[in-house]
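Trainee: I am new to this. Please show me how to read some features.

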Amino acid sequence: MTARALRLVLTQRTALLVVLLVAVVVTMTTLSGNNYLSAPYSASYMASTLINAVPLAMLALAELLVITSGRGGIDLSVGAIVSLTGMVFGFAYGQWGWPLAPAVLLALLLGAACGALNGFLVAHLGFPALIATLATYYAFRSLALVVNDQRPINSAPVQELYSTATAVTLPLVGDALPRVPLGIFTFLVPTALVVWFVLARTTAGRRLYAIGTNDVAARWSGIDVRRTRWSAYVAAGAISGLVAVVTVAQFASARPDAGTSGNGMALPAITIAILGGVAITGGVGRVAGVVLATLLVVWLNAGILLAVPGNDGTQFQLFALGVVLVVAALLNALTQRRYGGTQ
Amino acid sequence: MSAPAVDRPAAARPGRVLPFPVTGQEVVLIAVIAVLWVALSLATPAFATEGSVVPLLVAMTPIALIGIGMTVVIVTGGIDVSVGSTVMVCAVVIAKAMVGSGIPLVAAVALGMGVGALLGLLNGALIAFGRVQAIIITFGTLNLFRFAGLQVFGSATVEGIPPTLAPFGRGDEGRTLGVPHSFLLLLVVAAVAWYYLRHTAGGRHFFAIGGDPTAARLAGISVRTRIVLGYVLTGLLAGVAACFVIAQGTSSLAASVGSGLELSVIAAVVIGGTSITGGRGSVLGTLLGALLVQTVRTGVTQLGWPSQLSDLFVGAFIVVAVGADLLRQRRRPTPKGTT
């Protein structure tokens, strides 16, 4: 019985994540109940911190697509795409006076174009993904900083976007549930549903898993490997373009270093994808794992902020992220050897 | 009395086992750097002066020095993205020790090397014995080391660092006959690493592991020891680089030190022609890659362009350099290991 439970937790990444998630929430709630925290770790606090989950989960989904496409797939440039696309979106919506819908569409298309460049280098020219996206990371980051002389764009229309980032009361359920940030419903849930549908219910998704598992076998079974891999990078770029809009709304300003300051947005996104059970060797990864991993990291971080106040809090978040990633990787390797991999 | 002449096969003749010391990639890099230097000298008369070249050579030393270690790591098929955090931890420990107890130069360098080697050992042990992809582990330790460094920092910058490390700096103390000491030290380390990797059995083992780890193990190479050694070397050199970084800075040290350094180092290494998939690479290429990156940075600044623009050119050079390498590999279906 215990052996079977252990096997389930080790081989089913979603099962492990659910266990960890429950452990984190129960621990934090208990600490909160005993007044060990600087503020209550309540349902409404947990709901409000979900605002951090939106960009994180979306970029992790982008990494899911790219890493699953195999042959060392990875995208270091997503944060730089967020910076660059955010600036262009800021120009279009904040200075050229475009309506919101075309401006968002522009961000989506520009992100996809950036991704298409990555995909062309990787899938068609055969660059190692790490190198290609390192190069475009530099290029996009530099363009984002130069395009407006390192100044952010925070004109009136951009500042008014902030209202779309606030929390809303759910219709139908009303006040029974806490207020949830609007971005969850307008951006994260649709993106997650689309990615899930494509991966799990379409031939395009099956093709992606096929080329990630075995390039050569996929080619011999008639799959256009280059085009499929290229599409994964385009999709990752498009998602990054949407994240740019979310980020501009969240900060009420289009910042030239939005996705590249500090450690940038790419490293946390890759971390969450790995934690969510995406195999770095390609061909393995699920949307549910990525979403659960995001919730785990966001709620763990939120708890740490309350448990360790001040500067130390953000530092301990780094510690927690590092430990979680190393342990998840060691666990993946162990599972691989004992049970033949996660699912 | 004369013995019959025996024709030895070409491969057995000493000196013919290895390819020519300078490969195609390095020739291309030397040409590109030469063109850049000539163009920059023509565009801005200030470029070719001592006041511009010496700071350029000093500024490239941390990246090139760590790049030598990174070359070894990448040749074995690994990667270390935690070097920026390693530099940060080493720098803050050295700075605190210099402010607190006024340790001399030798002790500061030794301290940096010790701390760096320890962090490298942690990376190497996790990767070799946990049998995990290097990129994932070092992403994790990037965060862990950063946390450790910030804890040592407390919540403030380190102020009032004594000029103990000035002999590695940009100023007059840092030069002998006009040549910066840090650059000389870099050349010495690079020469030793070049000889070791190219002409000793131990050095060739790294290439064998990168080419095919299983074959290397069956050939009797202790793969794990070699892999750990690569990361320890990288950490150790990051510790020395931390001394250079302090020497080039002011008397205060901020927590942002080393942030993003890992990407500059990897850029220098791949521009130098080291294959990210392992088995192929050279120390000389890495030096040239670091020199190219620093030339671009200095050049953009001296031309009066926005300094952030230099990253755009660095990105373009990565694409061009790696693209040229890919083209050459395609023309030669069976890539041979080079230095």
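**Reading burial and contacts**

Mentor: Gly178(B) counts as exposed because it has 9 C-beta neighbours inside 10 Å. The general idea: a residue is buried if 20 or more other C-beta atoms lie within 10 Å of its own, exposed if 12 or fewer, and partly exposed in between, with C-beta atoms placed from the backbone. The model is predicted: local features need pLDDT of at least 70, side-chain atom pairs count only at pLDDT 80 or more, and totals for chains, interfaces and linings use all residues. Residues are numbered from 1 along each chain as its sequence is written, while chains are lettered from A and ligands numbered from 1 in the order in which they are written.

Trainee: Where is Gly178(B) placed in chain B?

Mentor: Helices (H or I, at least four residues) and strands (E, at least two) are DSSP runs, numbered from the N terminus. Gly178(B) sits in the loop between strand E1 (175-176) and strand E2 (179-180) of chain B.

Trainee: Is Val89(B) buried or exposed?

Mentor: Val89(B) counts as buried, because 31 C-beta neighbours lie inside 10 Å. Val89(B) belongs to helix H3 (residues 83-101) of chain B.

Trainee: Which residues is Val89(B) in contact with, leaving aside neighbours within four places in sequence?

Mentor: Two residues are in contact if their C-beta atoms, placed from the backbone, lie within 7 Å. With those neighbours left aside, Val89(B) is in contact with Val115(B), Leu119(B), Phe145(B), Ala148(B) and Gly149(B).

Trainee: How many residues does the contact take from chain A and from chain B?

Mentor: Chain A gives 36 residues and chain B gives 38 residues. On the side of chain A that touches chain B, helix H7 (129-146), helix H13 (266-275) and helix H15 (311-339) of chain A are the elements that give two or more residues.
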